[in-house]
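Here are my notes for you, as numbered points. Keep the structure open beside them and look up each residue as you go.

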Amino acid sequence: MKTVLKNGYVLIAGQLQRADVLIDAGMIQDISPEIPASQNQVVSIAGQVILPGFVDVHVHFREPGYTDKETIATGSLAAAHGGYTTVFSMPNVQPVPDTPQRWLQMQQLNQQKGCIHIQQYASITRQRTGNELVDFKALKQVGACGFSNDGSGVQTAATMYQAMQAAAQVHLPIAAHIEDDSLAHGGVMNAGLSAQKLHLPGIPAVSETAQLARDLELAAATGVHYHACHLSTAASVELVRAAKKRGVNVTAEVTPHHLLLDESMITTDNPLFKMNPPLRTLADRQALLSGLLDGTIDCIATDHAPHTKLDKQGSMLTAAFGITGLETSFAVLYTSLVQSNLCSLAQLVNWMSTQPARIFHLTQAGRIAIGAPADLTVVDLNHWTTITAANMLSKGKNSPFIGRKVAAQIKATMVHGQWVYQQEAK
Ligand SMILES: [Zn+2]
């Protein structure tokens, strides 16, 4: 049976327009002001907004290996709850998908257990550590979407150089966690005023920028598509801006938390504010937003990093790095950026859906159009609510946004014409 989403507003060419959407066999068959209900299953979404499903190129689903933190089932449901229809899963699981066989096992799990589209990264080096490279060609052949050692930077320049040469040959991106361990060791938050006040060891901005400068030179020399993960500093934005200007094949992402939070908000030793890279200064945060607005930064990615309650207890000195993000990203960004007129809804949707799909060459994602797959999310932009742990579907409740009032709510998410999340009527 065909489905009509009736009386909603659709984001078309950057404008919200009143339109019905007809879905058949997983595809969008028609978009027009009035589609008759006859013969069709009608879903009334009066006053709500239909957006292209969001695409997150940086998530951690923890399975296999760490299923007390998250599973593919709970992680993908959390993604659907946040309006995402496609995510890219990082390879810091156990076993690491660093051979074609292990990658295929991983992807099979994704397909069996995930309720949305999951693209799977392979690691850059064996076991995601050291200097022994994976077989880039074989991993491309089985279907890897790119290569990443996320969680740690590649420490040796020669290793990164060879990895980029190999990735360039198979036309796949390197998605880099950028961190020089020799400059960052022991830090738990930004090396700055808040760390000094709290007597906690800091991670200096140079631990990111020094390696980013190195990597941009290597990317220029190899021609690889270099994707810079979770930029956190103003100097990093400037490095990427200059590299783009001289034609380096670089793209970059920023997280919602680096856009909306900064170190001045860390007034107690609170592990919910511990992530890597850390929250930097207000000036860094402003530079990240400017970078998004001028196109230096291409997209927003959550770096969804669920942990157990125990992992995030106690002091920042011992707690795990990382916070969740999939279920809160749209609501917090819409409220803080769009409602404050810092950007438009169309820009936010571009950064969360169209752009990540484009830079990773997903031709079927990131758009609402006749003939495109029905991967979409239905949002109420006029529904104030408070973010609570109880409403989260992720196993991880480690979000610094809990308690925040937000102006928008994801009502339902559809992947290939099937509802994968629908808010229960209350
Ligand atoms: Zn990372």
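Predicted model: local features only at pLDDT ≥ 70, side-chain atom pairs only at ≥ 80, totals over all residues.

1. Where the two touch, domain 1 puts in 32 residues and domain 2 puts in 45 residues.

2. Next, the greasy inside. Nonpolar side chains tend to be buried together in soluble globular proteins. Here the largest nonpolar core has 94 residues, and F136, F147, I174, Y226, F330 and L348 have the most contacts inside it. Helix 11 is the top contributor, giving seven residues to this core. Both domain 1 (3-50 + 372-422) and domain 2 (53-359) supply residues, so the core lies between them. Another core, apart from this one, has 16 residues, including L5, I31, A412 and M414.

3. Once you skip its neighbours within four places in sequence, I174 is in contact with I124, F136, F147, M160, A163, M164, A167, V224, H225, Y226 and H227.

4. While you're at helix 11 (residues 329-338), find T335, which sits in it. T335 counts as buried because its relative accessibility is 13%, and the cut-off for buried is under 20%. Not counting residues up to four places away in sequence, T335 touches S340, W384, K405, V406, A407 and A408.

5. Now for the annotated spots. An unreviewed UniProt entry lists H58, H60, D150 and D303 under "binding site". These residues span 246 residues in sequence, but no two of their C-alpha atoms are more than 9.7 Å apart, so they gather at one spot.

6. Is H58 buried or exposed? H58 has 0% relative accessibility, so it counts as buried. You'll find H58 in strand 6 (residues 54-59). Beyond its neighbours within four places in sequence, its contacts include D150 and D303 from the set above, along with F88, M90, C229 and H230.

7. The unreviewed UniProt entry has another "binding site" list: H60, F61, R62, N92, N276, H307, F321 and G322. Of these, H60, R62, N92, N276, H307, F321 and G322 are in the lining of the second largest pocket.

8. Compare H307 and F321 from that list. H307 is in the loop between strand 14 (299-300) and helix 11, and F321 is in the loop between strand 14 and helix 11 as well. H307 counts as buried at 7% relative accessibility, whereas F321 is partly exposed, with a relative accessible area of 33%. The backbone oxygen of F321 lies 2.6 Å from a polar atom of the H307 side chain.

9. Last, who else do these two meet? Setting aside residues up to four places away in sequence, H307 touches R62, F321 and G322, among others. With neighbours within four places left out, the contacts of F321 include G187, V188, I203, N276 and H307.

Terms used. Residues numbered from 1 in each chain as written. Heavy atoms only, no water. UniProt positions renumbered as here; feature names shortened; annotations may be inferred. Helix = DSSP H or I, 4+ residues; strand = E, 2+ residues; numbered from the N terminus. Buried < 20%, exposed > 50% of the residue type's maximum accessible area, 1.4 Å probe, protein only. Contact = heavy atoms within 4.5 Å. Core = buried A, V, L, I, M, F, W, Y, C linked by side-chain atoms within 4.5 Å. Domains from an automatic or database assignment. 1 Å grid on protein atoms, 1.4 Å probe; cavity = no way out; pocket = protein on both sides within 12 Å on 5 of 7 lines; lining within 4 Å. Polar contact = N/O pair within 3.5 Å; in protein donor to acceptor, adjacent residues only side chain to side chain.
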